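Reader: Hi! I'm new to this and would like to talk through a structure with you. Could you show it to me?

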Amino acid sequence: MNAFSLEGRTALVTGANTGIGQAIAVALAGAGADVIASGRRDCDETLALMGSGRSLMLDFADPMAARDVFAAERIDILVNNAGIITRGDAVDFTEADWDAVLDVNLKALFFTCQAFARAALPRGMGKIINIASMLSFQGGIRVASYTAAKHGVAGITKLLANEWAAKGLNTNAIAPGYIETNNTAILRADPVRNGAILDRIPAGRWGRPEDIGQTAVFLAAPASDYINGAVLNVDGGWLAR
Ligand code: NAP
């Protein structure tokens, strides 16, 4: 048996039309999984890159959007990647910005895990990979709701591992460092912020979405069967500084 193969497994990746989610979908497909690329818009580019797979419309503006997905067919691997960020001084932060980010990044993530587990627990196997952040550990600045949500992602990942590890479900998270996607375009466009970020990354470069994709393959594969409740930093060494 190849402990890194995903042959015969079906995976659902949320927010798979672009960025990290797209790279995860492509990497899982490359390892042999049948991938369902879900997004709030079409995932045609991802399907073309994978050369296989299917797409599914899921918009987590309704945090319960995935409630019926896992009863409809067997899905072995769930990657909760969809996420948004809003920036503003804490003193001015609005309730709308708070609720929008908490709904997509934390509430939808939890209830998607729940819907997955209700189908997977009776089978006694399944892999959940939640996308956390450096702001699952650090405070950040001008991103109050994002930091709250991503700390929550780390906590809920550990809670779910405690409840489900003995029942055959692996629940883990990946905490990406600074990765070149739409989410960070505003930081890379600011020469001062960009320089400060690069100065602190021991690897000396921004991360690429593919860096996260291959880590997701590991956490989805039998190779990681004894990893539960981990929040795995993929950050070029950022947190080691
Ligand atoms: P991105 O390019 O902005 O991608 C975010 C994805 O989430 C997109 O597919 C987006 O769809 C989707 N999404 C947003 N709101 C949604 C909704 N209501 N329903 C369904 N999907 C929705 O950013 P990214 O960097 O790849 O982010 C992916 C994940 O990694 C996020 O959870 C983010 O917090 C996390 N992360 C990123 C970094 C980084 O440095 N880039 C670092 C740490 C963590 P649309 O294209 O339609 O907006």
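Author: Happy to! First, a term we'll need: helices and strands here are DSSP runs, numbered from the N terminus. Also keep in mind that this is a predicted model.

Reader: Thanks! So which element gives the most to the lining of the largest pocket?

Author: That's α1, which supplies three residues. Both α1 and α5 give at least two residues to that lining.

Reader: And what volume does the largest pocket have?

Author: About 990 Å³. It is lined by 43 residues, and the closest to its centre are G83, I84, Y146, T181 and N183.

Reader: Nice. Where does the ligand sit?

Author: In the largest pocket. The elements that give two or more residues to the shell around the ligand are α1 (19-30) and α5 (144-164).

Reader: How many residues surround the ligand?

Author: There are 29, and the closest are N17, R40, R41, Y146 and T181. By type, the shell has 13 nonpolar, 12 polar and four charged residues.

Reader: What does the side chain of Y146 do there, in terms of distance to the ligand?

Author: An N or O atom in the Y146 side chain is 2.6 Å from an oxygen atom of the ligand. The ligand taken alone exposes 880 Å², and the protein buries 94% of that.

Reader: Changing topic: what about the second largest pocket?

Author: Its volume is about 180 Å³. Of its 16 lining residues, the closest to the centre are M125, K127, G168, N170 and D225. Here β5 (126-131) and β6 (169-176) are the elements giving two or more residues to the lining.

Notes:
Residues are numbered from 1 along each chain as its sequence is written. This is a predicted model: local features need pLDDT of at least 70, side-chain atom pairs count only at pLDDT 80 or more; totals for chains, interfaces and linings use all residues. Side-chain values use heavy atoms; hydrogens and water are left out. A residue is near a molecule or strand if one of its heavy atoms lies within 4 Å of it. A polar contact is a pair of N or O atoms within 3.5 Å; within protein, one must be able to donate a hydrogen and the other to accept it, and residues adjacent in sequence count only if both atoms are side-chain atoms. Accessible areas come from the Shrake-Rupley method with a 1.4 Å probe; for residues, only the protein chains shown count as cover. On a 1 Å grid over the protein atoms alone, a cavity is a set of points where a 1.4 Å probe fits but cannot get out, and a pocket is an open set with protein on both sides within 12 Å along at least five of seven lines; lining residues have an atom within 4 Å of a point. A molecule sits in a cavity or pocket if more than half of its atoms lie within 2 Å of its grid points. Helices (H or I, at least four residues) and strands (E, at least two) are DSSP runs, numbered from the N terminus. Ala, Val, Leu, Ile, Met, Phe, Trp, Tyr, Cys and Pro count as nonpolar, Asp, Glu, Lys and Arg as charged, and the others, Gly among them, as polar. Grid points are joined across faces, edges and corners, and a volume is the space filled by probe spheres set on the points.
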